[in-house]
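Please examine the sequence and the model shown below.

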Amino acid sequence: MAASPDTSVEPTLRRDRQLAMFERASAIMPGGANSNFRAWGDDTVYVDRGKGGLVWDLDGNEYVDLRMGYGPVLLGHGDDRVDDYVNERMRRGVSFSLTSEDEVRAIELICEVSGWVEQARLTVSGTEATMHAMRVARGYTGREKIVKFEGQYHGVHDYALISVAPDDISELGDAENPVHLAWGRGIPQAVAQTIIPARYNNIAFLRRLFEREGGDIAAVIVEPVLGNAQGILPQPGFHAAMRALTEEFGILLIFDEVKTGFRFARGGAAEYFGIRPDLATFAKAMGNGYPVAAFGGRREVMSVLPDAVSHGGTYAGNRVAAAAAVKTLEIIRDTDALATIHATGDRLKAGIRSILEAKGLAFSFTGHASMFGIVFSETVPTEYRDWANTDHELYDAIAVAMHARGAMPEPDSREPWFVCEAHAQGDLVDRSLGAFAGALDDALEARARRSSTVLKGAMAHQAAG
Ligand SMILES: Cc1ncc(COP(=O)(O)O)c(C=O)c1O
């Protein structure tokens, strides 16, 4: 890292072509994008290409990509090792709705690299993986309810969209008795009622809940860190206590490793935190951006398939997905890619720390070196409700200003920075830090200007009065 980050890059952002594309796309796609999470109104980004740790939009703006597609691109965009292998395999045909050796190999690797999974099935998205894991848990236990934690995101099926990420924390209801908050219309109340929201890092809450209705609860599904809320970390012993408690009540533990899997460690968050869940879901990092996912776990639990529980999917295990998983998991197993990613994340964090300490701002990091959040507050958040008490407006202003300075984190404080192997190359870390330092200055100046305007307004008002 350079001693002091270079903030001399003039902020520029060409938008003409993207604005034209926004108009064209909005006519035929709601919000001009294929996901609500990408529909940023006039600021919607239309991508041209990516390579390694860089991405270019339609106007030719170049950014260090710190979103990495919300996490899947672990090695870097257009990784030749993965792409060449996928290209070679796909020439043999992609979809047969029959089973290829690539699929068997992918699952052998999931079992080997995770270190604990005994059986798994491939799906195409993380959403499908969590949906099927929940169904398997229900099928295995014969119970209907699933506990999930406030602020955690498990995809876009009806059972996952409960108490996810409201801007207004009061919508979650009373802290001791949270409501089943559906994200948007269209989710049947009867479905929402089968999902019990709980509070992360609160083992006493969980015990009370299990004592009250444990006999109806099939599973607890948990993102091992609140990956969709800045990567808020478990308190020491939280996962071990939750594991013991679920065993005590005969409730299954599902680790949703869609973000953490094959990233925190080869064996994901299960290895990192030393926990053996009953089931886990994987996606993102296991295919370096190709659409592949999986659910799996203990043989005994998975044995409800194929006879007792439904699972299928025309594209489940398609050749492109399976080949991408094979090559990506081999790279994770055989190379020091993860060590590189973790060291690069540590370099980024060290640089950000010195920039923020120089300003005297109260902050902390959440998450893991490979996927970290920056939180502006005096105290470290331990659950989603704490996010409301952080200065997330400051974070969002910095993130937005970074785009014009050539680095692109998600412009929402709840989404962590994602580090890929290719970020170690060239000057990408220094460029990111330069963009961060410059954007921080921009955000603080804008805030100072706003408060002096407010102050002047108040004084004028007082004088007039
Ligand atoms: C923890 C977690 N689970 C599930 C999902 C859903 O995965 P997908 O977007 O592939 O459906 C996500 C997506 O961000 C996730 O972060």
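Is Glu213 buried or exposed? Glu213 counts as buried because its relative accessible area is 18%, where buried means under 20% relative accessible area, exposed means over 50%, and partly exposed covers the range in between (1.4 Å probe, protein chains only). The model is a predicted one, in which local features need pLDDT of at least 70 and side-chain atom pairs count only at pLDDT 80 or more, whereas totals for chains, interfaces and linings use all residues. Residues are numbered from 1 along each chain as its sequence is written, and side-chain values use heavy atoms, with hydrogens and water left out.

Glu213 belongs to helix α6, which spans residues 203-213; helices (H or I, at least four residues) and strands (E, at least two) are DSSP runs, numbered from the N terminus. Its side chain forms a polar contact with the side chain of Lys145 at 3.4 Å, and another with the side chain of Arg212 at 3.4 Å. A polar contact is a pair of N or O atoms within 3.5 Å; within protein, one atom must be able to donate a hydrogen and the other to accept it, and residues adjacent in sequence count only if both atoms are side-chain atoms. With residues up to four places away in sequence set aside, Glu213 touches Lys145 and Ile196, contact being defined as heavy atoms within 4.5 Å.

The ligand site comes next. Which residues surround the ligand? They are Ser125, Gly126, Thr127, Tyr153, His154, Gly155, Glu223, Asn228, Asp256, Val258, Lys259 and Lys284, where a residue is near a molecule or strand if one of its heavy atoms lies within 4 Å of it. By class, this shell contains 2 nonpolar, 6 polar and 4 charged residues; Ala, Val, Leu, Ile, Met, Phe, Trp, Tyr, Cys and Pro count as nonpolar, Asp, Glu, Lys and Arg as charged, and the others, Gly among them, as polar. A polar backbone atom of Gly126 is 2.8 Å from an oxygen atom of the ligand. For Thr127, an N or O atom in the side chain is 2.6 Å from an oxygen atom of the ligand. A nitrogen atom of the ligand has a polar side-chain atom of Asp256 at 2.6 Å. The protein covers 83% of the 390 Å² of accessible area that the ligand has on its own, with accessible areas taken from the Shrake-Rupley method with a 1.4 Å probe; for residues, only the protein chains shown count as cover.

In soluble globular proteins, nonpolar side chains tend to be buried together. Here, the largest nonpolar core has 122 residues, and those with the most contacts inside it are Ile110, Met286, Ile374 and Trp417. A nonpolar core is a set of buried Ala, Val, Leu, Ile, Met, Phe, Trp, Tyr and Cys residues joined through side-chain atoms within 4.5 Å. Helix α10 (residues 319-334) gives the most to this core, with 10 residues. A second, separate core of 9 residues includes Met68, Val225, Met371 and Cys420. Apart from neighbours within four places in sequence, Trp417 is in contact with residues including Leu66, Leu348, Ile374 and Phe436.

Another tryptophan, Trp56, lies in strand β2 (residues 54-57). Trp56 counts as buried because its relative accessibility is 15%. Beyond its neighbours within four places in sequence, Trp56 contacts Val47, Asp48, Arg49, Gly50, Lys51, Asn61 and Glu62.

Most residues other than glycine have a negative phi, and most peptide bonds are trans. The peptide bond from Leu305 to Pro306 is cis, with omega near 5°, and Pro306 is placed in the loop between α9 (299-302) and α10. Ser97, in the loop between α2 (80-90) and α3 (101-114), has a positive phi of about 50° although it is not a glycine. Ser163 also has a positive phi, near 50°, and is found in the loop between β5 (145-149) and β6 (173-174).
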